[in-house]
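Biologist: I am new to this one. Can you put it on the screen and take me through it?

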Amino acid sequence: MDMNLKEGGIGEEAVGEIGMEERVRGLWREVRELSLGSSGMVERLESAPSPLRFLREYASANKPCIVSRSATEHWPAISKSLWEDDRYLCSKAALSQVSVHLTPDGRADALVPLPHPQGEEGGSLCFASACVRSMSLSEALRLIVDTGKEDEAAGNVVAYAQQQNDCFRSEYGALAGDVDSHIPWATEAFGGCLPEAVNLWIGNARSHTSFHRDHYENLYAVITGEKHFLLLPPTDVHRLYIRRYPAAQYYYNYNSSSSSSSEGEVLELRLDEPRREVPWCSVDPCPPSQEELQRQMVSFPLYFDGPQPFRCTVRAGEILYLPSMWFHHVTQTPHHRTGRTIAINYWYDMQFDIKYAYFNFLQSIRCLSPTAATTTHRATGSSSRLVSVHDNDNDNDDADDMQHAHLHTLHMSDSDSDSGDDALLKTDT
Ligand SMILES: O=C(O)CCC(=O)C(=O)O
């Protein structure tokens with residue numbers, strides 16, 4: 001293991017900005033090696049670890065792992081494949097109303113072009129939240145499959161059931177007996193506290209989740225289909241160019257004469273009123289076009305020229321341990337017959353400990369040397385400052401707000417409501 005301690009250790013020379021960039025790059029290398037070793041692969045465990053092993057080798061080390069299907073084989077949702085059966089789901093949860101997130105392209109809680117661009121210098125992206133509709137589970141299941149198809153019939157809408165407000169224990173209570181209510185070895189390792197939230201995710205091939213991080217320890221179990229994760233350790237924070245974007249939300253425009261959606265309605269993006277901003281990761285590793293990829297590669301060299309993110313696929317029955325504060329980007333391959341991916345995740349409170357303090361400190365420092373920054377600046381031809389990941393001075397607030405921004409739509413039960421969720425958004429703009 002090349003720990004690079006000499007180069008990365010406490011140096012004798014003063015730590016100038018150029019030295020800082022090199023040191024931060026050294027930190028990326030060290031953490032990668034410590035997290036995943038030389039294989040660069042997320043470790044797979046054949047069976048559920050003991051609480052002590054999980055605590056020592058993974059949770060305390062802030063290191064991801066995937067636990068094999070043997071850990072969930074006793075769940076009826078897995079052993080009897082209950083959630084592959086629409087008739088079972090619909091009869092069991094006949095009275096359930098569930099929240100479905102609707103976007104034109106499957107990218108909710110993501111950066112998209114501003115509804116009314118304000119010129120090149122004003123920035124052209126905003127942070128878009130989905131239009132959230134409440135509907136019966138049978139309607140939701142049908143919509144998710146129909147809108148996953150890449151053909152005309154799908155229209156300009158993608159449905160993803162991904163309410164993250166403990167929805168499994170509220171909206172999907174009828175299915176509670178099909179899975180464990182918590183992950184016993186994780187609960188014990190985390191001091192005996194039950195999960196803070198348990199969420200269900202029902203998506204299709206077009207549903208994406210953009211790069212973000214959560215202040216939770218995440219045990220993420222796939223029930224049907226597959227989920228593909230890109231993972232970056234918290235120490236790679238500078239590589240994602242967290243910046244503030246105006247917040248916006250999709251609404252249905254019933255008066256539109258367009259017939260681009262199957263119902264003759266069209267999703268319209270509107271900036272939030274009053275205006276507010278959300279700090280979010282600028283990098284999109286799977287942009288919608290080649291042109292956009294080129295733009296991203298020029299604008300975000302620390303991501304595209306740096307070490308690859310860890311990639312892993314979580315298959316049906318497997319559980320990914322996604323440590324708190326790790327950045328993740330998620331796509332999915334639906335089950336070949338049902339056309340859906342279903343996953344459940346258990347969010348446990350994280351420890352706000354010394355690691356958290358270190359991560360926040362790291363985020364608060366500038367990483368790119370002035371030379372590199374000038375090069376980047378010229379390459380993009382943009383007047384925006386790329387020296388630092390931040391365009392304001394209050395970096396630790398950004399760290400907190402990104403999590404809150406991710407959650408903010410998720411606490412609303414009805415998208416058509418304008419009801420505020422600002423209590424969750426502590427943006428200091
Ligand atoms: O499954 C997804 O699309 C995203 C999962 C996620 O972001 C999470 O569990 O925190």
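Biologist: Is Asn-62 buried or exposed?

Modeller: Asn-62 is buried, with 20 other C-beta atoms within 10 Å. Buried takes 20 or more other C-beta atoms within 10 Å of a residue's own, exposed takes 12 or fewer, and partly exposed is in between, with C-beta atoms placed from the backbone. This is a predicted model, where local features need pLDDT of at least 70 and side-chain atom pairs count only at pLDDT 80 or more, while totals for chains, interfaces and linings use all residues. Residues are numbered from 1 along each chain as its sequence is written.

Biologist: Where does Asn-62 lie?

Modeller: In the loop between helix H3 (51-59) and strand E2 (65-67). Helices (H or I, at least four residues) and strands (E, at least two) are DSSP runs, numbered from the N terminus. Asn-62 is not a glycine, yet has a positive phi of about 55°. Most residues other than glycine have a negative phi.

Biologist: What about the phi of Tyr-241?

Modeller: Tyr-241 has a positive phi too, about 50°. Tyr-241 sits in the loop between E12 and strand E13 (242-253), and counts as buried with 21 C-beta neighbours inside 10 Å.

Biologist: Which residues does a cis peptide bond join?

Modeller: Glu-273 and Pro-274, with omega about -5°. Pro-274 is in the loop between strand E14 (266-271) and strand E15 (277-281).

Biologist: Now the sheet. What is the order of the strands in the open sheet of 5?

Modeller: E4-E10-E18-E12-E16, with mixed pairing. Two strands pair if DSSP finds at least two bridges between them.

Biologist: Which strands stand at the edges?

Modeller: Strand E4 (107-108) and strand E16 (310-314); each has a single partner strand, so one side of each is left without a neighbour in the sheet. E16 runs antiparallel to strand E12 (residues 226-232), joined by 5 bridges. In that pair, His-228 stands opposite Thr-313 in E16.

Biologist: Which residues are around the ligand?

Modeller: Among them are Trp-201, Asp-214, Lys-227, His-328 and Asn-345; near means a C-beta atom, placed from the backbone, within 6 Å. Strand E11 (216-224), strand E18 (327-333) and strand E19 (341-349) each give two or more residues to that shell.

Biologist: What is the mean pLDDT of the chain?

Modeller: The mean is 82, and 76% of the residues reach 70 or more. pLDDT is the predictor's confidence in each residue, from 0 to 100. Over residues 404-429 the pLDDT is below 50. Where pLDDT is low, the predicted coordinates should not be read in detail.

Terms used: Contact = placed C-beta atoms within 7 Å.
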